[in-house]
Amino acid sequence: MPHRALPDWAPTAAVVGGTAALILTLKYLDTKKPAKGGEAKKAVKAASGKHESHEAGISVKESQEHQVEKYIKDVGAKWEAKVKAEDINKVGDLSKYLAFQGEYKTSFAARPDVGEGVLVKFDIAGTSIEHLCNGAHGTALSVYSTNGVDKVQEFLKAMKLDPHAVVPIDEIAPPEDGMTVLTTLEKLFTQYLDLFGKPTREFLKKLFPYAVDIQEKVAIAELTLERKMEEFQDRQARALTYADYFLEFASLKIPVDKYVELVPTIKQRVYSICSSSDYRPGKCQLLVVREDWQAKGGDTKFGLCSSFLTFVRSGQWCVAHSTHSVMHMPEDKSVPVFMAGLGTGLAPFRAFVEQRRHEKSKGINVGPMTLFFGGRYSKAEYYYRDEFELFEKEGLVKCCNAWSRDTSKKVYVQHKIMEEADAIWRDLGMEGSKGAFFLCGSKQPEKDVFAAILTIFQSKGGMTEAQSKAKMDQLQSVGRYVTEVY
């Protein structure tokens, strides 16, 4: 398409579109790179057919486009124009693709590198994942967090980088034929790159060529050597980030399009869904405890995604998609279910209980449920206490809680399991039983739970050690003993 002067309305269009581009990623059709046969429209149409349709009758691609439109309508009114009319020439190509959106087939996307990702506000009604996010049906939610805007802006200012600079990210998000993907530098560091993650020595090997000062170049290169391993490990213990390294070596001259080669993208974090979508239509709830640790030197560090979700408020958006997990309730709704939740491992079992509460309200005969929940302090860690106490009063579930720090005597989940030995043998171990046992949580306690069940089979069923282990193997093979540990 030949270059032409921008019409009188272009500044206004560029301001609105430019602001949108600073929030999302701009994906445009590059007419300089025509699709095969020169039929760009056919290429775009064919590409849309690659996405599968889901239960709701909405394909992922359709859902992505619909959610982006909702996002722009929802958030657009609150934006302050960051690209003023007099800055259009500075912004360059971005204004062209915004001003002539129809001719360049410009569109917006949140994370085009995440094929199944959909913009959600944890109100998933009407999206392609609405019927895929039932915590009782073996699904979890993959969440893509973002870096804090203030921290990113502070970094860009310190590095003297233009936040409005436009960079191609085809390497991160491979485009369709005839397409290319652009974003601003600010959004690259906010939405894509794990700027505040901990780097490896491989990163330093890629970094040192960009140092102009010879002493800094040598200093970075030496950190990759075995004789400097202790110093590098000290830096790791102090939790130095990619941003820290960029700021430490002042002579670094990194082309803006090279950051994608130096810093990995923000990866998904998978959380068990703690709600039943039958019980809470259109909703997807997570149980998140903010991860924190103390780095060498005394600084408290926080997990990126857990912090992101901790401070997400109603009405805020994020990119997410459903993910299969092994926590799937038995198809026979009448069978007894035992659940061992360790810390945030309680999440899927809240969904289990909600699911059976929904089924019971429909007149379905539901089986008994027993929950073994383990934590340190009941006041701080009994998540959804009011709900579970209500569920117990209704006869839906028997709660057997183990608090290891509430009293001088440490009580763990395996101790509570032993107290229910008769029920576990009757509904799980005895010949002809149909019950199922689920465990979700940290890895070490699972060994203790497994050992407790073996002991019950031996003491109540008269099995030998070999027979009890064989029984557990059999239960695992048919999905009646299911664990998800992390």
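Predicted model: local features only at pLDDT ≥ 70, side-chain atom pairs only at ≥ 80, totals over all residues.
**View 1. The open five-stranded parallel sheet.** Here five strands, in the order E13-E12-E11-E14-E15, form an open sheet in which the pairing is parallel. Strand E13 (398-403) and strand E15 (481-485) are the edge strands, each pairing on one side only.

**View 2. The largest nonpolar core and the surroundings of Leu188.** The largest nonpolar core comprises 37 residues, of which Phe155, Leu188, Phe189, Leu207, Tyr245, Phe246 and Leu252 touch the most other members. Two or more residues are given to this core by each of helix H7 (149-159), helix H8 (185-192), helix H9 (201-207), helix H12 (242-248) and helix H13 (259-262). Another core, of 28 residues, lies apart from it and includes Met327, Ala347, Phe438 and Val482. When residues up to four places away in sequence are not counted, Leu188 touches Val167, Ile169, Ile172, Thr183, Leu193 and Val260. As general background, nonpolar side chains tend to be buried together in soluble globular proteins.

**View 3. Phe246 and its contacts.** Phe246 belongs to helix H12 and has a relative accessible area of 1%, which means that Phe246 counts as buried. With neighbours within four places in sequence left aside, Phe246 is in contact with Phe155, Met159, Leu195, Phe203, Leu207, Leu252, Ile254, Tyr259, Leu262 and Val263. The view may also be used to locate Ala211, which is 35 residues from Phe246 in sequence and, C-alpha to C-alpha, 10.0 Å from Phe246 in space.

**View 4. Aromatic pairs that involve helix H12.** The structure holds 20 aromatic pairs. In one of them, formed by Phe203 and Tyr245, the ring centres are 6.0 Å apart and the planes stand at 70 degrees, so the pair is edge-to-face. This pair links distant parts of the chain, with Phe203 in helix H9 and Tyr245 in helix H12, 42 residues apart. Both Phe203 and Tyr245 are buried. A further edge-to-face aromatic pair is that of Phe246 and Tyr259, with 5.3 Å from centre to centre and 80 degrees between the planes. Because Phe246 lies in helix H12 and Tyr259 in helix H13, this pair ties together parts that are 13 residues apart in sequence. Tyr259 has a relative accessible area of 1% and is therefore buried. One aromatic cluster is formed by Phe155, Phe189, Phe203, Tyr242, Tyr245, Phe246 and Tyr259.

View 5. A disulfide is a covalent bond between the sulfur atoms of two cysteines. The criterion applied here asks for a pair of cysteine sulfur atoms within 2.5 Å, and by this rule the count of disulfides is zero. For Cys274, the closest cysteine sulfur is that of Cys284 at 8.1 Å, and this distance is too far for a bond. The relative accessibility of Cys274 is 0%, so Cys274 counts as buried. Cys440 likewise counts as buried, because its relative accessibility is 1%.

How values were computed: Residues numbered from 1 in each chain as written. Heavy atoms only, no water. Buried < 20%, exposed > 50% of the residue type's maximum accessible area, 1.4 Å probe, protein only. Pairing = 2+ DSSP bridges. Helix = DSSP H or I, 4+ residues; strand = E, 2+ residues; numbered from the N terminus. Core = buried A, V, L, I, M, F, W, Y, C linked by side-chain atoms within 4.5 Å. Contact = heavy atoms within 4.5 Å. Phe/Tyr/Trp six-rings, centres within 6.5 Å; stacked < 30°, edge-to-face > 60°.
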